[in-house]
Amino acid sequence: MITVILNILVAVIAALALTLAGLSPWYWSILWAILILVAGQLAVGWVLRRRLGAVNERVQAVMLAAQAKMQAKIQRWRTRQMSNQKAAEAELAKDRDAMIAEVQAILQPLERYRLWIPLLGRQLATMELQFAWQKQDWKRVDALLPRALLVEPVLVCMKLARLWRQDASTEDLRKVFRKATRRARYGTTALIYATFSWMLVKRGEIDEALKVLVEADAKNEHATLKANRDHLANNRLAHFSNAGFGEEWYALFLEEPKVRAQRMRHPGRYFQ
């Protein structure tokens, strides 16, 4: 935001200087002001993007390294048939927390750019939200959700999951669901439809859940959505399940899998 204000001030001052000095008529001065503003924004944006890009690459490297380390441990435990599940989950949680601390240390210097880059504060809140979610720090999650950019389906589902845990009304859940799916691209909303339909089934609103899944099938190609639609259509409620989404579903903490292998979710590229 500061960059925009400074560039506007520079452009206005330049236009006034050109006009008062008699170097340019007022209408040409306005044109020069616009060109100076655009050039200034492009120049500053290029410099800031380069700095943010370097930080983003470091974050991606840390996340990928942590993911590889955790997956290697899980694979090793499977090979050796590790019996102490709680000890395994505790060790993975320790690795996760170490990764989060390292990423947060990398992101900390970006705080000084909050006033310089529009939406940077919300981008940082979005990443912090995912870390708080993985740690199940629900107080922190609830504080970050209003400031986060719900740019991915899983983030929308996180909001739905928190509303569910807070016993929000079906209408409140429906508003979030409709806002996220109204103009979404084909094939991007499967998890959102699965989450909302699960909530409707849990509340006994089977007819609406079936309508939602019929709509979901028209906007996505996913076997689990099709199976759940058929189960509801044939009154097989006991067979309704989102297990087909795997860790993507269980990471919402709405249900527990029979056997849980903790994984780190990649945070995505938020600094473009």
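Contact here means heavy atoms within 4.5 Å. Helices (H or I, at least four residues) are DSSP runs, as are strands (E, at least two), and both are numbered from the N terminus. The model is predicted, so local features need pLDDT of at least 70 and side-chain atom pairs count only at pLDDT 80 or more, while totals for chains, interfaces and linings use all residues. Residues are numbered from 1 along each chain as its sequence is written, and side-chain values use heavy atoms, with hydrogens and water left out.

Start with α3 and α4. From α3, the residues R96, M99, I100, V103, Q104 and L107 meet L124, M127, E128, F131 and Q134 of α4. Why the spacing? An α-helix has 3.6 residues a turn, so residues three or four places apart point the same way. The axes of α3 and α4 are 11 Å apart, at an angle of about 165°. Axes are lines fitted to C-alpha atoms, for helices over the stretch in contact, and angles run from 0 to 180 degrees between N-to-C directions. The pair α3 and α4 is therefore roughly antiparallel (angles over 145 degrees; under 35 is roughly parallel, 65 to 115 roughly perpendicular, the rest oblique). Their crossing is left-handed: the near helix is turned anticlockwise from the far one by less than a right angle, whereas clockwise would be right-handed.

Now look at R96, which lies in α3 (residues 85–107). R96 has 9% relative accessibility, so R96 counts as buried. Buried means under 20% relative accessible area, exposed over 50%, and partly exposed in between (1.4 Å probe, protein chains only). The side chain of R96 also makes a polar contact of 2.9 Å with that of D97. Such a contact is a pair of N or O atoms within 3.5 Å; within protein, one must be able to donate a hydrogen and the other to accept it, and residues adjacent in sequence count only if both atoms are side-chain atoms.

Helix α4 covers residues 120–134. Of its 15 residues, 13 are buried. Just after α4, Q136 has a positive phi of about 55°.

Move on to α6 (residues 153–165) and α8 (residues 190–202). Their axes come within 8 Å and cross at roughly 20°. That makes α6 roughly parallel to α8. The contact includes W164 of α6 and W198 of α8. This crossing of α6 and α8 is right-handed.

Finish at V214, in α9 (residues 206–219). V214 is partly exposed, at 47% relative accessible area. Its C-alpha atom is separated by 9.9 Å from that of Y193, 21 residues apart along the chain.

Terms used. The expected span of a helix is 1.5 Å times one less than its number of residues.
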